[in-house]
Amino acid sequence: MTSNHDDKRWGIVAGALIIQISLGAVYIWSVFQTPLLAQFPGWSETQVTLPAQLVIAVFAFAVILGGGIQDRLGPRLVGSVGGLILGLGLILAGLTGRFSEGPALAWLVGTYAVLGGLGIGMAYVCPVATCVKWFPDKRGLITGLAVAGFGAGAFFFAPLARALIGGGDYELFGIALFPLPQAGVFDTFMVLGVIFLTAVVLGSQLLRNPPPGYCPAGWTPPAATSSQAPTRAAFKPGEMLRTPTFWLLWVTYLAGSTAGLMVIMKAAPIWETFSLSAAVEVPVSHERFTTIASSAAMAVAVLALFNAAGRILWGRVSDSLGRKQTLILMFVLCALVLFALDWMRPYPLYLLGVSLVALCFGGYLALYPAITADYYGIHHIGVNYGLLFTAYGSGGLLGPFIAAVLLETAGGIEYQALDATGAQATRVFQLGEYNAAFLTAGLLCLAAAVLTLALRPPT
């Protein structure tokens, strides 16, 4: 069925991007890590990482819930509810400072991680599932576009969070655009909560499913023998779970997500460690530490651009080269960069390294929904991809956990920071070595490349 609906489908993409840019701010957690440790010095590296791990895990499992509901009720309602829950979670996270260290961590997990992750998961699946249905002719490219905003969100919001937490200018690529007042780490959660709630709810109003039997004008579905075509019109979730292909996809998705999220969720403290370990004057001055923190936030922003670009680039490449070959290429590239990352300590090299990891990671988020649609059909795409997406959630638990557990502490270094009254106070930054974690993640990517060689359409 072709119709004049073709012109309307790009409006769906616009709504998808609005939603995903807001949801993608989940990747800016590393900007909050050092300020939170300054507020709660009794927290360990593992404890301050816990909300970042759990928000990814809850997000991934909430995709199943959101996917099932939106398959029945449509994407507009589910996306709006997800935006409301996400905004509420971050606004409540702003109350964390009212608690002592133990209850504060529990509160932050319950609000930022559980409520925030639930809202992100419900809203995230709506643009992906909707765009796949509207663009059967450009499935790899469009899934890349649909999730590109998720990767790019940190580009805009990491500098915003950094400027609000410490006060100062909102900067992009070192260019000061406008000044912001010092809100502190907790009020910054509230500001972001209001922004995300508004944007996600508004973006969701642009989403709608195509009419039954929709087919873009001038496009002919590929023959059933095509390697990119689904082997059946529609696999039900239970049928999909009984195919070995699903579990091979799940394991390789887990490996790629573990490696990517390890770097993305730790990008700021990794750079701060690289910089402070070379510091000559101790304690490090407030001005010097602010410069280092700004560079760390910029690294998060730059890798966000590559994360977004990877979703579009690799999605487009996979439409021509094939999903399997593109996955192998990404896994090998990511592994090689991870093996070298500990030696890439000059800032330009560090930016290059984390950006290439993000480029590959973005590709995973574009290719796996496309593969799900290719192999298992689009009728149950919301739930089916939600089930595969649990590999991403498991990677969100595993990646930061590996980084924290394999971190070899190398002592602390004092630095000057502003307290709540604006006076300078001495803080201690815990230095560490991440090389063992980088090597472990690189080996996981190599193993995933080997496993992908065995990937075949399900029968």
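# Exercises on a predicted helical model

The axes of helices H4 and H5 cross at roughly 160° and come within 7 Å of each other. This arrangement opens the exercises below, which concern a predicted model.

## Exercise 1. A second pair of helices

Task: Classify the orientation of H12 and H13, and decide whether Asp342 is buried or exposed.

Solution. 

Step 1. The axes of H12 and H13 come within 9 Å and cross at roughly 155°. With the limit for roughly antiparallel set at over 145 degrees, H12 and H13 are therefore roughly antiparallel to each other. Their crossing is left-handed.

Step 2. The residues that meet can then be located. On the H12 side they include Met330, Phe331 and Cys334, and on the H13 side they include Val357, Cys360 and Tyr364.

Step 3. Asp342 lies in the loop between H12 (323-340) and H13 (347-376). Buried means under 20% relative accessible area; Asp342, at 10% relative accessibility, therefore counts as buried.

Step 4. Not counting residues up to four places away in sequence, Asp342 touches Phe274, Glu433, Asn435 and Phe438.

## Exercise 2. An aromatic pair

Task: Classify the ring pair formed by Phe59 and Tyr392, and state which parts of the chain the pair links.

Solution. 

Step 1. The model contains 27 aromatic pairs. In one of them, the ring centres of Phe59 and Tyr392 are 5.3 Å apart and the planes stand at 80°, so the pair is edge-to-face.

Step 2. The pair links distant parts of the chain: Phe59 belongs to helix H3 (residues 45-73) and Tyr392 to helix H14 (residues 381-405), 333 residues apart.

Step 3. Phe59 counts as buried at 0% relative accessibility. Tyr392 is buried as well, with a relative accessible area of 0%.

Step 4. One aromatic cluster is formed by Phe59, Tyr124, Tyr253, Phe361, Tyr368, Tyr385, Phe389 and Tyr392.

Step 5. Val63 is also found in helix H3, and this residue is buried, with a relative accessible area of 0%. Apart from its neighbours within four places in sequence, Val63 is in contact with Gly121, Tyr124, Val125, Gly382, Gly386 and Phe389. The C-alpha atoms of Val63 and Ala123 are separated by 8.0 Å, although the two residues are 60 residues apart along the chain.

## Exercise 3. An enclosed helix and separations along the chain

Task: Explain why helix H10 is described as largely enclosed, and state the C-alpha separations of Ser295 from Pro283 and of Ala449 from Gly256.

Solution. 

Step 1. In helix H10 (residues 267-276), 10 of the 10 residues are buried, so the helix is largely enclosed by the rest of the structure. Among these buried residues are Trp271 and Phe274.

Step 2. Ser295, in helix H11 (residues 286-321), touches Trp271 and Tyr347, not counting residues up to four places away in sequence.

Step 3. Ser295 and Pro283 are 12 residues apart along the chain, and their C-alpha atoms are separated by 19 Å. Ala449 and Gly256 are 193 residues apart along the chain, with C-alpha atoms separated by 9.6 Å.

Step 4. Ala449 has its place in helix H15 (residues 435-452). The residue is buried, with a relative accessible area of 7%. Not counting residues up to four places away in sequence, Ala449 touches Ile328, Phe331 and Val332.

Terms used
Residues numbered from 1 in each chain as written. Predicted model: local features only at pLDDT ≥ 70, side-chain atom pairs only at ≥ 80, totals over all residues. Heavy atoms only, no water. Helix = DSSP H or I, 4+ residues; strand = E, 2+ residues; numbered from the N terminus. Contact = heavy atoms within 4.5 Å. Buried < 20%, exposed > 50% of the residue type's maximum accessible area, 1.4 Å probe, protein only. Phe/Tyr/Trp six-rings, centres within 6.5 Å; stacked < 30°, edge-to-face > 60°. Axes fitted to C-alpha atoms, helices over the stretch in contact; angles between N-to-C directions. Parallel < 35°, antiparallel > 145°, perpendicular 65-115°, else oblique. Left-handed = near helix turned anticlockwise from the far one by under 90°.
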